[in-house]
Amino acid sequence: AVTDGDVVDLLTDAAGRLLIQQAPAGTLTNWSGTVTTGGTAQELAAANTARRYMFIQNISAGDLWVNFGVAAVADQPSIQMPSGATFDMEGSFVSSQSISIIGATTGQKFVAKEG
């Protein structure tokens, strides 16, 4: 049975009949870690054309910054993640580009899950 939490998109066919697209199931790859060298961008996850989900959480005291396809910097155009912030991609758009992360201090922790 399909429940509300399982439905990704509602579509109709040419005859107007309702079609239901169910979210795919899978396993998560754990990319959680720490900033290895403060002030220097590092790859969080390699480019992945099969990526359907990405979740990142900053569990450190200082800001982290993430970017896609290029090295992250502690400013725009990177995405700022203050302490406790989360960022996730799912549904209608998920970047397949590499993901880069940077933090000011060596040892800053983050949680990252890819599906």
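Guide: Strands E6 and E11 pair in the antiparallel sense over 5 bridges; two strands count as paired if DSSP finds at least two bridges between them. Strands here are DSSP runs of E, at least two residues long, numbered from the N terminus. Within this pairing, Ile56 has Ala112 in E11 as its bridge partner. This is a predicted model, in which local features need pLDDT of at least 70 and side-chain atom pairs count only at pLDDT 80 or more, while totals for chains, interfaces and linings use all residues. Residues are numbered from 1 along each chain as its sequence is written, and side-chain values use heavy atoms, with hydrogens and water left out.

Strand E11 covers residues 109–114. In a regular strand, side chains alternate between the two faces of the sheet. The covered face of E11 carries Phe110, Ala112 and Glu114, whereas Lys109, Val111 and Lys113 lie on the uncovered one.

Strand E6, residues 54–58, in turn pairs with E9 in the antiparallel sense over 4 bridges. In that pairing, Gln57 has Thr86 as its bridge partner. Thr86 belongs to the uncovered face of E9 together with Asp88, while Phe87 and Met89 form the covered face.

Definitions and conventions: Buried < 20%, exposed > 50% of the residue type's maximum accessible area, 1.4 Å probe, protein only.
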